Amino acid sequence: DEKLVGAVIVFRDITKRKADEQKIKDSEREFRTMVATIPGTVYRCRPDKQRTIEYVSSEVENLTGYYPEDLVDGTHNLKSFVHENDLEYVMQMVSGCVSRREPYELEYRLYRDDGSLRDVIERGQCVYDAAGNQVSLIGTIIDITERKKMERALHVAKQEAESANESKSAFLANMSHELRTPMNAIIGYSEMLAEDAEDEGHDDMLPDLNKITAAGKHLLSLINDVL
């Protein structure tokens with residue numbers, strides 16, 4: 001028969017480990033709550049050419065129409081959403097800022113799942129490890145479609161106002177010529193006739209000629225005020 005020679009019972013205090021685990025859970029919960037309050041989509045992606053998504057906040061659904069879990073599995077990446085005409089600019093801006101270890105900020109258009117376009121502004125930067133290797137890209141993407149619509153509407157309104165102002169200026173210049181020229185002629189001829197009448201002794205004509213001159217000058221003054 002086997003005999004029990006001895007037994008050792010080890011009690012390990014795991015209170016600290018449990019406390020550390022709880023701190024991690026609390027920090028993660030706090031982080032997710034903080035991310036949920038940010039007015040935009042928060043992401044973390046790999047520093048590769050495709051910008052493969054590792055994490056993305058729930059706001060991405062409003063931005064792209066996709067759920068976060070649909071994007072983290074690798075079937076989609078940040079590059080795939082960018083409008084083809086903006087893609088080269090986006091990739092050059094990001095890669096250039098990463099190589100210089102600078103934050104990046106850029107505006108571009110991206111596609112939603114239904115094919116519609118949204119204007120966005122993206123801000124982010126690269127994270128490096130202790131050895132200086134690129135670990136990930138983190139940043140936010142904010143929908144500025146409505147702001148862009150307002151900017152475009154203001155631009156159109158400004159152009160229309162400038163065009164109207166040019167038309168007004170052209171109208172005033174034309175009216176200035178069309179009205180001032182004959183009025184100056186009337187004033188000039190009436191003054192000449194008054195001088196001739198005075199020289200030839202036709203004093204009875206001077207009051208009427210002076211009235212014509214005075215009326216012409218008054219009308220010219222009104223025209224100047226109007227124009």
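Reply: Start with one cut-off: a residue is called buried when its relative accessible area is under 20%. Keep in mind that this is a predicted model.

Me: Why is Thr213 called buried?

Reply: Thr213 has a relative accessible area of 8%. Buried means under 20%, so Thr213 is buried.

Me: Where does Thr213 lie, and what is Thr213 in contact with, leaving aside its neighbours within four places in sequence?

Reply: Thr213 lies in helix H7, residues 206-226. With those neighbours left aside, its contacts are Ile187, Ser190 and Glu191. Contact here means heavy atoms within 4.5 Å.

Me: Which residues of the largest nonpolar core touch the most other members?

Reply: The core has 22 residues, and those touching the most other members are Tyr43, Val94, Tyr104, Tyr108, Leu110, Leu137 and Ile141. Elements that each supply at least two residues include helix H5 (84-99), strand E3 (104-111) and strand E5 (134-143). In soluble globular proteins, nonpolar side chains tend to be buried together.

Me: What is Val94 in contact with, beyond its neighbours within four places in sequence?

Reply: Val94 is in contact with Arg51, Tyr104, Leu106 and Leu137. Val94, Arg51 and Leu137 are also among the residues that line the largest pocket.

Me: How do you know which element gives the largest share of that lining?

Reply: H5 gives four residues, the largest share. The elements giving two or more are H5 and E5.

Me: What makes up the lining by class?

Reply: Five residues are nonpolar, two polar and three charged. The pocket has a volume of about 160 Å³.

Definitions and conventions: Residues are numbered from 1 along each chain as its sequence is written. This is a predicted model: local features need pLDDT of at least 70, side-chain atom pairs count only at pLDDT 80 or more; totals for chains, interfaces and linings use all residues. Side-chain values use heavy atoms; hydrogens and water are left out. A nonpolar core is a set of buried Ala, Val, Leu, Ile, Met, Phe, Trp, Tyr and Cys residues joined through side-chain atoms within 4.5 Å. Buried means under 20% relative accessible area, exposed over 50%, partly exposed in between (1.4 Å probe, protein chains only). On a 1 Å grid over the protein atoms alone, a cavity is a set of points where a 1.4 Å probe fits but cannot get out, and a pocket is an open set with protein on both sides within 12 Å along at least five of seven lines; lining residues have an atom within 4 Å of a point. Grid points are joined across faces, edges and corners, and a volume is the space filled by probe spheres set on the points. Ala, Val, Leu, Ile, Met, Phe, Trp, Tyr, Cys and Pro count as nonpolar, Asp, Glu, Lys and Arg as charged, and the others, Gly among them, as polar.
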